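Have a look at the structure first, then read on.

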Amino acid sequence: MYSKELLKGTLRTIVLKLLAEHGSMYGYEITQKTKELTSGKIVLTEGALYPLLHKLEAEGYLVTNTKSIGKRIRKYYALTPEGDEKAISLSNEFADFVQTVIYLLNPKLSPKS
Amino acid sequence: MTTLNNQQTEQVLGSLEAHIGGNRKLKNEMFDHWCTYVETHMNNGASFEQAYSKLKEEFGVNELKSIEKTYLAYHQSSLWVGTLQRAGSMAAMLLFLVVAGVDAQKRPDISPVFDQYIVSSAFGEQIHPITNKEIHHNGIDLRVPLNTPVRSTADGTVKTIKNSPKGHGLHIIIAHKDGYETLYANLSNVSVDAGQTVVKGEEIARSGNSGISSGPHLHYEIRLNQKPVNPKLYISK
Ligand SMILES: [Zn+2]
């Protein structure tokens, strides 16, 4: 499991990207999917996830839809077109960042300039 | 999938309410989260009692307090923290991101017509053009000439082709991935068959004036898990 500090800046990217891939999802589903895809190496806690989802919704990147299950209300999140674009730009930026850091830490791997 | 009975649901709600403060939005979601957690464990063979005590073990009082605290802190915190020393873990994350690539064909995010259009009736509370009563409009009406080509707004399967003279007229429902469905109504002509798969952008029909309609237009709806959502928020191209 990775540290909170490391994950903090990437949660947004992870959540948007997951929704881009899987369409509409509810909170529990997002935590389970993340666990599954990363073999348990990335664990999204509820404490980080729900506030982030609400923030992304307020920013216009997500729309919500609810479904009643008896007394419970299940809230599904999906990307707006803006969210879709954001998912692409954040993950591209992140992939680029990772590549840069890999070169920085392993100069031998850098393409010769 | 196991679903908790009323008594079990009440028990989960009771312990949640004992620990969480006034944020209603958060409480509703944590309620579903906790119930689903218990159900998942019961599905994997645990009894309700076992699953419930595992829940309490995993989300102590402190966890809930910290959720509420994070909630408050979130609006002030900056999200991007680049920690250079931990680049090894970053590489693992990159792999994860590559695996979960975006597939843009799935979501209905294009206009159902090829050309420019005018929205003659928007989504939400509207005055019905014929009855003059205020009703919830489940889609948008695009004012387009008769026989304008109509296209599927995402990859999918034709679920329904039907004619309802007292409602949507000749209409098509297409089922897409992840709980999305789109409806195209008041058509004059349909060029696909029920059960057929279609790709994003494929012509499926021609627009018309069938059913209850005050003039040639295309009524277009997007439904997410059976509930109408505002198509304007989806049409990006
Ligand atoms: Zn309409």
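Which residue in β9(B) is the bridge partner of B:Gly156? B:Val198 is the one. Keep in mind throughout that this is a predicted model.

1. That pair belongs to a strand pairing in chain B: β6 (residues 156–164) and β9 (residues 197–198) run antiparallel and are joined by two bridges.

2. β6(B) also pairs with β7 (residues 169–175) of chain B, again antiparallel, this time through seven bridges. One of the pairs to look at is B:Asn163 with its partner B:Leu170 in β7(B).

3. Now the metal. The zinc ion takes its protein donors from B:His137 (NE2), B:Asp141 (OD) and B:His219 (ND1), at 2.0 to 2.2 Å. Along the chain, the donors are spaced as H-x3-D-x77-H. B:Asp141 sits in strand β4 (residues 140–143) of chain B and B:His219 in strand β11 (residues 218–224) of chain B, so this pair ties together parts that are 78 residues apart in sequence.

4. Buried or exposed: how do B:Asp141 and B:His219 come out? B:Asp141 is buried, at 11% relative accessible area, and B:His219 is buried too, at 6%.

5. Over in chain A, take helix α2 (residues 11–22). Its 12 residues span 16 Å from first C-alpha to last, close to the 16 Å expected at 1.5 Å a residue. Of those 12 residues, 11 are buried, so α2(A) is largely enclosed by the rest of the structure. The buried set includes A:Leu11, A:Ile14 and A:Leu18, but also A:Arg12, A:Lys17 and A:Glu21.

6. Two backbone spots in chain B deserve a look. Most residues other than glycine have a negative phi. B:Asp178, however, has a positive phi near 60°. B:Asp178 is in the loop between β7 and β8 (180–190) of chain B and counts as partly exposed, at 26% relative accessibility.

7. The other spot is B:Gln226, which is not a glycine either and has a positive phi of about 75°. Where does B:Gln226 lie? In the loop between β11 and β12 (227–229) of chain B. With a relative accessibility of 54%, B:Gln226 counts as exposed, since the cut-off for that is over 50%.

Terms used: Residues numbered from 1 in each chain as written. Chains lettered and ligands numbered in written order. Predicted model: local features only at pLDDT ≥ 70, side-chain atom pairs only at ≥ 80, totals over all residues. Heavy atoms only, no water. Pairing = 2+ DSSP bridges. Helix = DSSP H or I, 4+ residues; strand = E, 2+ residues; numbered from the N terminus. Donors = N, O, S within 2.8 Å, 3.2 Å for Na, K, Ca; no water. Buried < 20%, exposed > 50% of the residue type's maximum accessible area, 1.4 Å probe, protein only. Expected span 1.5 Å × (residues − 1).
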